[in-house]
Amino acid sequence: MEFVKKATLLSGGVDSICLTYGLMPDIAYTIDYGQTVAEREIYVSKYICELLNIEHKVIQINCRSLGTGTLADSDNLSFAPSEEWWPYRNQLLITFAAMIGIKDGVSDIYLASVKSDKFHKDGTEEFYKLINDTVSYQEGRLKVHCPTLNYYSHELVSKYNVPIDMLTIAHSCHISNLACGKCSGCLKQLKVRYELKIE
């Protein structure tokens with residue numbers, strides 16, 4: 001099998017929508033790993049892929065019993081850096097994407113983490129270097145990329161020239177399939193809307 005396809009992890013949030021629009025990959029994966037907002041993430045991601053004529057696949061593996069915080073609707077651990085923190089989440093999602101990606105002939109997997117994510121270990125340049133080294137070392141030699149680390153969310157919109165109407169459907173809530181307007185994900189999206197002067 002020839003590994004030549006590019007894939008993005010698409011959650012339906014502003015950052016992953018921007019990356020998917022800018023990259024126009026061959027395929028986008030949305031992962032339902034048991035998070036409370038999976039239904040809306042899948043809906044938005046499917047809609048975006050239909051608009052962009054990108055193949056979309058949903059990977060469903062319920063790991064909620066392993067999670068913590070608002071995304072798992074459970075108590076957080078005392079050392080959690082934020083309310084939505086889920087132990088080893090990005091590592092988990094990258095592994096799932098690589099497992100299906102190798103079957104799909106994917107050579108490169110792209111994720112969107114931004115400057116404001118760097119207080120999470122798995123939102124740093126060092127994490128992405130290490131995870132790429134690990135994944136590309138193994139059979140299939142898939143590469144993991146995060147080209148968005150040096151940008152804030154609103155800067156991605158300009159970088160990739162993303163249509164504003166595509167962003168208005170984005171879902172960033174950590175608590176509900178209907179945006180709560182109060183969690184850190186909703187507040188981040190409101191800040192993006194403010195920066196971009198979206199009514």
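Predicted model: local features only at pLDDT ≥ 70, side-chain atom pairs only at ≥ 80, totals over all residues.
A residue is called buried when its relative accessible area is under 20%.

**Helix H1**

Helix H1 spans residues 14–23, and because seven of its 10 residues are buried, the helix is largely enclosed by the rest of the structure. The buried residues in question are Val14, Asp15, Ser16, Ile17, Cys18, Leu19 and Thr20. Their packing partners include two strands, E1 and E4 (106–110), and they also pack against the helices H2 (38–52), H5 (153–160), H6 (164–167) and H7 (184–195). Just after H1 comes Met24, whose phi is positive, at about 50°.

**The sheet**

Strands E1 and E4, against which the buried residues of H1 pack, belong to an open sheet of five strands, arranged in the order E3-E2-E1-E4-E5 and paired in parallel. At its edges lie strand E3 (55–60) and strand E5 (143–145), each of which pairs on one side only. From one strand to the next, the twist averages 25°. Within this sheet, strand E1 (residues 5–9) and strand E2 (residues 27–32) run parallel and are joined by three bridges; in one of the pairings between these strands, Ala7 has Ile27 of E2 as its bridge partner.

**Trp85 and its surroundings**

Trp85 is found in the loop that connects E3 with helix H3 (89–104). With a relative accessibility of 18%, which is under the 20% cut-off, Trp85 counts as buried. When neighbours within four places in sequence are left aside, the residues in contact with Trp85 are Thr68, Gly69, Asn76, Leu77, Phe79, Ala80 and His120.

**The aromatic pair**

The structure holds one aromatic pair. It is formed by Phe127 and Tyr128, whose ring centres are 5.1 Å apart and whose planes meet at 80°, so the arrangement is edge-to-face. Both members of the pair are buried, Phe127 at 13% relative accessibility and Tyr128 at 4%.

| Residue | Relative accessibility | Class |
|---|---|---|
| Trp85 | 18% | buried |
| Phe127 | 13% | buried |
| Tyr128 | 4% | buried |

Terms used
Residues numbered from 1 in each chain as written. Heavy atoms only, no water. Pairing = 2+ DSSP bridges. Helix = DSSP H or I, 4+ residues; strand = E, 2+ residues; numbered from the N terminus. Axes fitted to C-alpha atoms, helices over the stretch in contact; angles between N-to-C directions. Buried < 20%, exposed > 50% of the residue type's maximum accessible area, 1.4 Å probe, protein only. Contact = heavy atoms within 4.5 Å. Phe/Tyr/Trp six-rings, centres within 6.5 Å; stacked < 30°, edge-to-face > 60°.
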